Amino acid sequence: PALFAARRRLALASSSKHRCLQSGAAFRRGLGPTLDFGGDEVEIEVNDFLMRFFDHCAKFVALVEENDKAMCQVTAFKEGPEMKKVLEKVASALCLPVEELNADLVQVAFLTCSYELAIKNVTSPWCSLFSEEDAKVLEYLNDLKQYWKRGYGYDINSRSSCVLFQDIFQHLDKAVEESKSAKPISSPLIVQVGHAETLQPLLALMGYFKDDEPLLASNYARQAQRKFRTGRIVPYAANLVFVLYHCDHVNTSREEYQVQLLLNERLLPFRHSNETTSTYTDLKDYYKDILENCHFKEECEFPQVNITAVDEL
């Protein structure tokens, strides 16, 4: 609460999706009535350019979002031996001919089971259709889709998020400048509410959860210990927090401003050091290329494409 002194404000931005706006409003309420924001209700700024950058990236829309061939690995896995085995088991349990089922229908049943378990802590009747091994196969199917659509599958997936990455560092830079000139930090807390599809490309851009070999339809068994597990990376209410510290007692000016990263409330080691604390200067040096050379307009330019707004997964 001490962060919110006079002339300091909470900055809240959200995508235009109703559920995100509701999350932003709920976050504000959750801070409690004791925090004084000057008596004004905090306005939520709608910013789809930052929070739904993928909709505004013509190259991503044309080459990935609306290109059926982009998901060829997902399609191949749906028709592969692992999914075929699951289909046969589910068909047998439901006393149905296997021809009446497909991977999409089985995935719906599995998601129904998992949603009720996660949200209500209720074991749905649908859960009885699946063993733990079946669940691993269906988890891989989802990870495969996210890998090729939002992760490392195509460079444009992550490169399109550089507009958000740069925005985060602009806010941090401003706080450092205000601190150095002994001004109050104008926005000590900046909350930006988006989607799993906002966060996954950003983490890929930063180099997190990248496996030595890509996720393919053909290497399910070899990927049993994969890092790219979306259920752990972007679960419900997934969040990534950059915390900037001003340190008084330091040996050099380089150490005066330090940063920590938290993913889903757990400290995330930095890629350049494997430590959970970094000087702000070192962090900016490590991501210098993205901060200086990743330009959203150039990355996303794709001539003669009719961009249409599409819902995320």
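Counted along the chain, the bonded cysteines of this protein pair in the pattern 1-6, 2-3, 4-5. The model is predicted. It holds 3 disulfides.

Start with Cys57 and Cys300. Their sulfur atoms lie 2.1 Å apart. Cys57 sits in the loop between helix H2 and helix H3, and Cys300 in helix H14, so the bond ties together parts that are 243 residues apart in sequence. The S-S torsion is about -95°, which makes this disulfide left-handed. Both Cys57 and Cys300 are buried.

Next comes the bond from Cys113 to Cys127, with an S to S distance of 2.0 Å. Here the torsion is about 105°, so the disulfide is right-handed. Cys113 belongs to helix H6 and Cys127 to the loop between H6 and helix H7, so the linked parts are 14 residues apart in sequence. Both Cys113 and Cys127 are buried.

Cys162 and Cys294 form a disulfide with sulfur atoms 2.4 Å apart. Its torsion is about -80°, so it is left-handed. This pair links distant parts of the chain, 132 residues apart: Cys162 in helix H9 and Cys294 in the loop between helix H13 and H14.

What of Cys72? Its sulfur is 20 Å from the closest cysteine sulfur, in Cys57, so the gap is too far for a bond. Cys72 is partly exposed, at 42% relative accessible area.

The largest nonpolar core has 69 residues, and Phe77, Met206 and Leu240 make the most contacts inside it. Helix H9 gives the most to this core, with 8 residues. Domain 1 and domain 2 both contribute residues, so the core lies between them. Met206 touches Phe165, Leu240 and Tyr287, among others.

Technical notes. Residues are numbered from 1 along each chain as its sequence is written. This is a predicted model: local features need pLDDT of at least 70, side-chain atom pairs count only at pLDDT 80 or more; totals for chains, interfaces and linings use all residues. Side-chain values use heavy atoms; hydrogens and water are left out. A nonpolar core is a set of buried Ala, Val, Leu, Ile, Met, Phe, Trp, Tyr and Cys residues joined through side-chain atoms within 4.5 Å. Buried means under 20% relative accessible area, exposed over 50%, partly exposed in between (1.4 Å probe, protein chains only). Helices (H or I, at least four residues) and strands (E, at least two) are DSSP runs, numbered from the N terminus. Domain bounds come from an automatic or database domain assignment. Contact means heavy atoms within 4.5 Å. A disulfide is a pair of cysteine sulfur atoms within 2.5 Å. Lists of a residue's contacts leave out its neighbours within four places in sequence.
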